[in-house]
Amino acid sequence: MSESTMRVLMTLDGIDVGGTETHVLSLAEEMINKGIGIVIISRGGSLLQSFSRLQCPIYQVPFPYSLPIPADLQEKLCKEIKQIIMTEKITLIHSHQTPSAFLTFQAAKELGIPSIFTVHGTYYPKSELLRVLPLANKIICVSPPIQQFIQKLTDQPTIIIPNGIDTTRYSPSDSSDLKVQLGIPKDSFVLLYSSRIAWTKANICMIFLRACKDLKLSGIPNLYVVVVGGGPRFKEIRDITDTIHRSSTDNFISLVGERLDLQHYYSLADCVVGTGRVALEAMACSKPVIAAGSHGYFGLVEEHNFEDAWHCYFGDHGSLKPCSRYTMANDIRSSLAPSDRLLKAGSASREWMLKKFNIKFSVANLLECYKTLIKG
């Protein structure tokens with residue numbers, strides 16, 4: 001089958017702001033630009049407007065938040081999904097989250113449509129993966145640790161296709177207007193943290209803020225901090241920020257909430273603290289990254305340790321040590337000497353992104369994978 005006749009149903013539980021969702025958005029955009037038919041199915045969310053700009057069919061289906069699903073609801077949703085598959089003449093299903101994958105794969109199996117599941121992390125409930133993986137014709141993992149994790153659950157073959165980054169959108173840019181808007185002085189040293197403020201990522205954010213307090217009071221008086229992200233634990237972040245500001249001479253932390261134009265916020269930073277897709281996006285913007293994620297702490301990502309950072313997905317799927325405020329503060333402080341260390345790390349990061357994580361490479365590898373499954 002030629003690329004121009006492919007009709008791919010991309011499925012997500014929901015489309016709120018997160019690494020998996022923004023990855024699928026980038027994939028869909030690049031595939032549409034290549035003339036591939038893309039259809040999106042999810043229960044909706046805050047990224048719906050961004051997905052709508054793709055001008056591809058989008059269906060909202062009330063996917064449940066977990067498995068198992070009551071039999072009557074499963075039958076009802078499968079019937080709805082099968083109708084979408086037939087109406088849109090879908091030739092392949094590509095799913096990224098477990099409840100929506102389980103339902104769409106059941107429908108696909110009844111209609112003889114091949115299916116692919118991409119595993120984006122170790123956060124999926126094991127019981128749900130054990131229901132979904134046997135239904136997939138092919139399993140993709142986004143990093144080596146994820147592949148190792150999945151190979152402990154199934155004998156099915158897996159392949160690695162890294163998350164791709166649109167290195168045109170995520171590229172170095174001027175931040176002066178945004179700095180003025182946020183009231184950041186020109187001579188500030190700016191640290192940025194970005195993630196969904198939930199679960200472990202909220203804990204990392206609190207560790208980061210405490211480390212920033214230590215740095216502000218001893219060593220980097222011109223420090224300014226920007227936190228990008230929203231989520232169920234945002235109030236905790238706001239409370240700890242208020243506490244820190246009461247012991248400081250100025251309000252140096254800005255909580256900007258959830259943002260869809262993250263590339264502009266990366267441009268503010270002298271250094272970004274993050275993990276996973278945030279790390280990749282920031283590096284594509286020539287920003288040095290201190291990697292800390294759900295699994296633990298990695299540290300400053302530099303040319304000599306790029307592959308090591310990638311193999312633990314920047315602290316999200318593996319790590320070197322537990323994350324602590326003291327480790328983080330010491331690494332930030334030491335990264336300032338010599339003075340050009342961060343600039344060199346950022347410049348080398350951009351070059352590495354262009355070579356290894358360009359969205360065009362990810363899509364090319366995906367299309368080869370699709371072709372092995374689609375007959376005709």
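## Helix 11

Helix 11 spans residues 276-284. Nine of its nine residues are buried, so this helix is largely enclosed by the rest of the structure. Buried means under 20% relative accessible area, with exposed over 50% and partly exposed in between (1.4 Å probe, protein chains only). Among the buried residues are Gly276, Arg277, Glu281 and Met283. Ser286 follows the helix and has a positive phi, near 65°. Helices (H or I, at least four residues) and strands (E, at least two) are DSSP runs, numbered from the N terminus.

This is a predicted model: local features need pLDDT of at least 70, side-chain atom pairs count only at pLDDT 80 or more, and totals for chains, interfaces and linings use all residues. Residues are numbered from 1 along each chain as its sequence is written, and side-chain values use heavy atoms, leaving out hydrogens and water.

Six strands form an open sheet in the order 10-9-8-11-12-13, with mixed pairing. Strand 10 (253-257) and strand 13 stand at the edges, each with a single partner strand, so one side of each is left without a neighbour in the sheet. From one strand to the next, the twist averages 15°. The angles run from 0 to 180 degrees between N-to-C directions, and the axes are lines fitted to C-alpha atoms, for helices over the stretch in contact.

## Strand 12 and its partners

Strand 12 covers residues 289-292. Both of its faces are covered: Val289 and Ala291 are buried on one side, Ile290 and Ala292 on the other. Strand 11 (residues 271-274) pairs with strand 12 in the parallel sense over three bridges. Two strands pair if DSSP finds at least two bridges between them. Val273 has Ile290 as its bridge partner in strand 12. The chain passes from strand 11 through helix 11 to strand 12 in a right-handed β-α-β crossover. Right-handed means that, with the strands pointing away from the viewer, the path from the first strand over the helix to the second runs clockwise.

Strand 13 (residues 297-301) pairs with strand 12 in the antiparallel sense over four bridges. In strand 13, Leu300 is the bridge partner of Ile290, and Val301 that of Val289.

## The nonpolar cores

The largest nonpolar core has 38 residues. Such a core is a set of buried Ala, Val, Leu, Ile, Met, Phe, Trp, Tyr and Cys residues joined through side-chain atoms within 4.5 Å. Val226, Tyr265, Tyr266, Val301 and Phe314 touch the most other members. Helix 11 supplies the largest share, six residues. A second, separate core of 34 residues includes Ile41 and Phe105.
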